[in-house]
Amino acid sequence: RECNDGLNATTDDATNEELPMIDLIFVVDDPIAWHAENVRLYPHHYSFTSRTLGPKFISSVQQSSFGAKVYFNPLVESPSSWQREGTSRRMIKYGVVQTNDLLSDLRQWDYLYLAGRMHKPTVTIGNEDEEIMQAQKECNLNYALASSLLLMERNDCSIGGTGVGKGGSVVCDLNVLFEEIANLSYAGDPRMDIGGEDPAKVHKLVHSPGQSERFWNLYRYGLEELHSKGLIHVTNGTTSQKTLEYNPCDMSTRSALFSMLPPRLKQFPSSSNGSGELSQLQLARAITDIVKPAARDQSIKGALTAGIVRSVRYAGAKFAKGALRKFPLL
């Protein structure tokens, strides 16, 4: 079973001669057996240390509590069959996760790492796993939708749409909501702070050609369900014409959205307004408290397992997209 994270593939400029790197996630039941076969077939994908210590070591590193229980091999040349005429060989970065670890992240937001990647449009290769798709639809996407609606500021809505509607409700373009969703898994991510990611990444994830429609297809069911319950109103029309209207201060709306949050967020100390619910600031901090340590530790683990040369090359490429775009004169 394979789950393709098609973020870079669908958001970067496809007209460049050098094709953008693709992120792939392999979801496997038996990491030891999978790595044993992969090391046999593609030993050059692994660092010298990992090759030497073998699949049990690799699997133990992958499933350790340090990071988000993913093992990455970055900067791997894709098969020649992927190459377009007149372009250089496409590079890929692939990670490996055990099925139950992915399911736990989708259902519980343990790390909001792969779950966060799956908040955005992705492409599944091979047969879809019913249990994963169920956890994605019933848990992960609903968590993301509820969290983002609770986090959206009134002024964000006025910027993205027509401002204040009837009875103090706010009206905004759907892309404002999609940006809030796309930003969830970057809340507190140290890579964003130090220039290790493109500062315009969230904008590109939503506004690149075709992405808005893909986000709508991903969240259509959840939005229509909230619409049918009278909690929000989504206008008809094409995706680019759709607007969202809801009242973020209405207590019944907030209570319904709060009930959709993952159990982990409901365990955080709540506000003192007597509602037993998290305030907007508390919710933002609670999400950051999940994302930050997982993203930080996973980055460190990735640097250690990839090997010195490959880690330096990968970090250089990331900073070229991040810090150098943020500060073009550097």
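Modeller: Let us begin with helix packing, for which the axes are lines fitted to C-alpha atoms over the stretch in contact, and the angle between them runs from 0 to 180 degrees between N-to-C directions. Please keep in mind throughout that this is a predicted model.

Colleague: At what angle do H2 and helix H4 (residues 55-62) pack, and how far apart are their axes?

Modeller: The angle between H2 and H4 is about 125°, and their axes are 8 Å apart. Angles of 65 to 115 degrees count as roughly perpendicular and those over 145 as roughly antiparallel, which makes H2 oblique to H4. The crossing of these two helices is right-handed.

Colleague: Which residues of H2 and H4 meet there?

Modeller: From H2 come Pro31, Ile32, His35, Ala36 and Val39, and they meet Pro55, Lys56, Ile58, Ser59 and Gln62 in H4.

Colleague: How do helix H7 (residues 130-151) and helix H15 (residues 280-306) cross?

Modeller: Their axes come within 9 Å and cross at roughly 135°, which makes H7 oblique to H15. The crossing of H7 and H15 is left-handed, and in it Ser147, Leu150 and Leu151 of H7 meet Gln280, Leu283, Ala284 and Ile287 of H15.

Colleague: And what is the angle at which H7 crosses H12?

Modeller: H7 and H12 cross at roughly 65°, with axes that come within 10 Å, and that angle makes H7 roughly perpendicular to H12. H7 passes H12 in a right-handed crossing. On the H7 side the contact is made by Gln136, Lys137, Leu141, Asn142, Ala144, Leu145 and Leu149, while H12 contributes Leu218, Tyr219, Tyr221, Gly222, Leu223 and Leu226.

Colleague: Since we have come to rings, what describes a pair of aromatic rings?

Modeller: Such a pair is described by the distance of the centres and the angle of the planes. The structure holds eight aromatic pairs. In one of them, the rings of Tyr46 and Tyr71 have their centres 6.0 Å apart and their planes at 35°, so this pair is tilted. Tyr46 lies in the loop between helix H2 (31-41) and helix H3 (48-53), whereas Tyr71 lies in strand E3 (residues 71-77), so the pair ties together parts that are 25 residues apart in sequence.

Colleague: Are Tyr46 and Tyr71 buried or exposed?

Modeller: Both Tyr46 and Tyr71 are buried. A further aromatic pair is formed by Phe215 and Tyr219, which is stacked, at 6.5 Å centre to centre and with 10° between the planes. Phe215 and Tyr219 both lie in helix H12 (residues 211-228), where they are four residues apart, about one turn of the helix. Phe215 is buried, as is Tyr219.

Colleague: Which residues do ring pairs link into a cluster?

Modeller: The cluster that ring pairs link consists of Phe26, Trp34 and Tyr94.

Colleague: Where do Lys69 and Leu112 lie?

Modeller: Lys69 lies in the loop between H4 and E3, and with a relative accessible area of 21% it is partly exposed. Leu112 is placed in the loop between helix H5 (99-108) and helix H6 (114-117), and at a relative accessible area of 2% Leu112 is buried.

Colleague: To place these details in the whole, how many helices and strands does the protein have?

Modeller: The protein has 17 helices and nine strands, and buried residues make up 50% of its 330 residues. Among contacts between residues at least 6 apart in sequence, 66% join residues at least 24 apart.

Terms used. Residues numbered from 1 in each chain as written. Predicted model: local features only at pLDDT ≥ 70, side-chain atom pairs only at ≥ 80, totals over all residues. Heavy atoms only, no water. Phe/Tyr/Trp six-rings, centres within 6.5 Å; stacked < 30°, edge-to-face > 60°. Buried < 20%, exposed > 50% of the residue type's maximum accessible area, 1.4 Å probe, protein only. Parallel < 35°, antiparallel > 145°, perpendicular 65-115°, else oblique. Left-handed = near helix turned anticlockwise from the far one by under 90°. Contact = heavy atoms within 4.5 Å.
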